[in-house]
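User: Can you walk me through a domain interface? Here is the model.

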Amino acid sequence: MTRIAIIGGGPGGYEAALVAAQLDAQVTLVEQDGPGGACVLTDCVPSKTLIATSVRKQALLDAPSLGVSFSGGPDGDAGVVGVDLPLVNQRVKELAQAQSADIATRVEAEGVEIIKARGRLVDPQVVRAGDRTIRADVVLVATGATPRVLPGAEPDGERILTWRQLYDLEELPEHLIVIGSGVTGAEFAGAYRSLGAEVTLVSSRDRMMPNEDADGAEVLEEVYRRRGMNVMGRSRAASVKRTHDGVVVTLEDGRTAEGSHALMTVGMVPNTSGIGLEEAGVQLDEGGFVKVDKVSRTSAPGVYAAGDCTGVLMLASVAAMQGRIAVWHALGEAVQPLRLSTVASNIFTDPEIAAVGVAQRAIEAGEVEASVVKLPLATNARAKMQGFNDGFVKVFCRPHTAIVLGGVVVAPGASELILAVSVAVQQRLTVDQLAHTFAVYPSMSGSITEAARRLMQPGVAI
């Protein structure tokens with residue numbers, strides 16, 4: 001029986017453990033915080049839970065435009081939609097713990113041994129977990145990453161915060177300054193603005209989310225500004241200092257921004273130091289990320305790596321697939337190398353931004369030849385009914401073969417809507433095949449089939 005040791009219990013680790021157990025391997029999973037790792041306990045699951053609450057509140061704020069009003073406020077005025085932040089944070093933490101417990105139950109039911117300890121690699125076939133030594137034929141490193149800390153802006157857990165410290169706040173920040181306008185910064189900025197906090201978003205680039213679809217980022221920034229957020233472009237933070245009752249952010253050009261709290265969202269650093277990787281022959285890149293190939297192999301024989309510690313698209317879905325691929329490969333199963341061109345991603349803002357396949361910037365740069373159709377959400381009947389005016393559906397295909405290359409959806413629930421485009425990309429479907437697929441009327445997904453119809457080549461049959 002093949003012995004597999006996994007260091008790290010996040011999506012890359014526990015999904016690999018499940019696959020390995022199903023293939024009759026002897027599996028030991030080493031995780032110091034709890035099954036699910038940081039993804040479930042402090043990062044993805046908690047943040048999306050908080051965002052779900054903020055979206056509900058924003059829907060209530062937007063309800064009067066649909067003819068729904070609130071009464072019962074003081075002196076007969078309209079009632080105020082309030083937020084009980086301690087209750088919100090309690091729900092966030094309880095849900096994260098419940099999800100971790102569900103994962104533990106699932107993994108242990110497959111016969112996987114879970115050791116709660118910090119794991120380190122002694123050599124390519126030996127893992128040290130607390131006071132235990134585990135010998136293995138295959139080792140998978142899935143240790144994740146942690147929020148980056150900038151010199152001059154060290155978090156104190158009270159006023160200067162990382163996103164892992166937000167859920168200990170007892171009151172909603174009066175004025176939250178979010179430093180960093182990437183995906184994480186944009187998500188939290190939107191959530192806290194909808195919850196009722198004044199928010200300033202500090203972006204070092206020309207626009208929010210500079211690495212994402214430009215059209216989508218433009219829509220979201222317009223929505224944020226309309227909701228009262230202060231978005232400061234071309235404003236790189238030089239330092240963040242705590243004052244008597246708040247924080248002051250000093251920008252590189254000398255300007256300052258003052259608020260009650262600062263949230264640092266300036267990237268991640270891999271959890272790869274001090275766990276014996278380089279000593280065991282595992283090569284790291286300049287940023288400390290583990291170097292892996294398309295089947296998750298490292299430079300050390302028998303050692304694989306998956307997830308954020310590799311720096312390969314920091315998404316839970318990618319981490320999970322890397323872990324599965326590693327186990328399939330290690331155990332001699334048929335395996336398809338990781339194809340990043342088929343990865344679907346989503347930004348959990350309001351509206352959401354989902355994408356899969358080629359990017360618009362690659363088309364504009366001439367790297368990919370593609371036909372493009374973009375339909376505004378405001379023309380969709382279901383969107384009109386629900387009062388959704390901001391967003392669009394965009395689909396790309398090859399000009400001659402009409403094979404779907406990718407797409408972008410900006411809409412409420414885009415994370416669900418993108419699946420149709422993702423299936424088309426993965427299975428190399430044509431726009432004709434997508435167009436001949438029934439969509440419910442009225443539905444948001446109808447815009448996807450409509451975009452496909454507009455891309456159809458005359459005279460081409462499926």
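Analyst: Between domain 1 and domain 2 there are 13 residue pairs in polar contact, both residues at pLDDT 80 or more. A polar contact is a pair of N or O atoms within 3.5 Å; within protein, one must be able to donate a hydrogen and the other to accept it, and residues adjacent in sequence count only if both atoms are side-chain atoms. This is a predicted model: local features need pLDDT of at least 70, side-chain atom pairs count only at pLDDT 80 or more, and totals for chains, interfaces and linings use all residues. Residues are numbered from 1 along each chain as its sequence is written, and side-chain values use heavy atoms, leaving out hydrogens and water.

User: Which element gives the largest share of the side of domain 1 that touches domain 2?

Analyst: Helix 3, with 11 residues. Helices here are DSSP runs (H or I, at least four residues), numbered from the N terminus.

User: How many salt bridges across the interface?

Analyst: Three. The rule wants a side-chain nitrogen of Lys or Arg within 4 Å of a carboxyl oxygen of Asp or Glu. Asp43 pairs with Arg164, with the closest N and O atoms 2.8 Å apart.

User: And how much area do the two domains bury between them?

Analyst: About 1,700 Å², with 62% of it on carbon and sulfur atoms. That is accessible area (1.4 Å probe) lost on putting the two parts together, summed over both. Leu50, Leu85 and Pro147 supply 29% of what domain 1 buries against domain 2, more than any other three residues.

How values were computed
Helix = DSSP H or I, 4+ residues; strand = E, 2+ residues; numbered from the N terminus.
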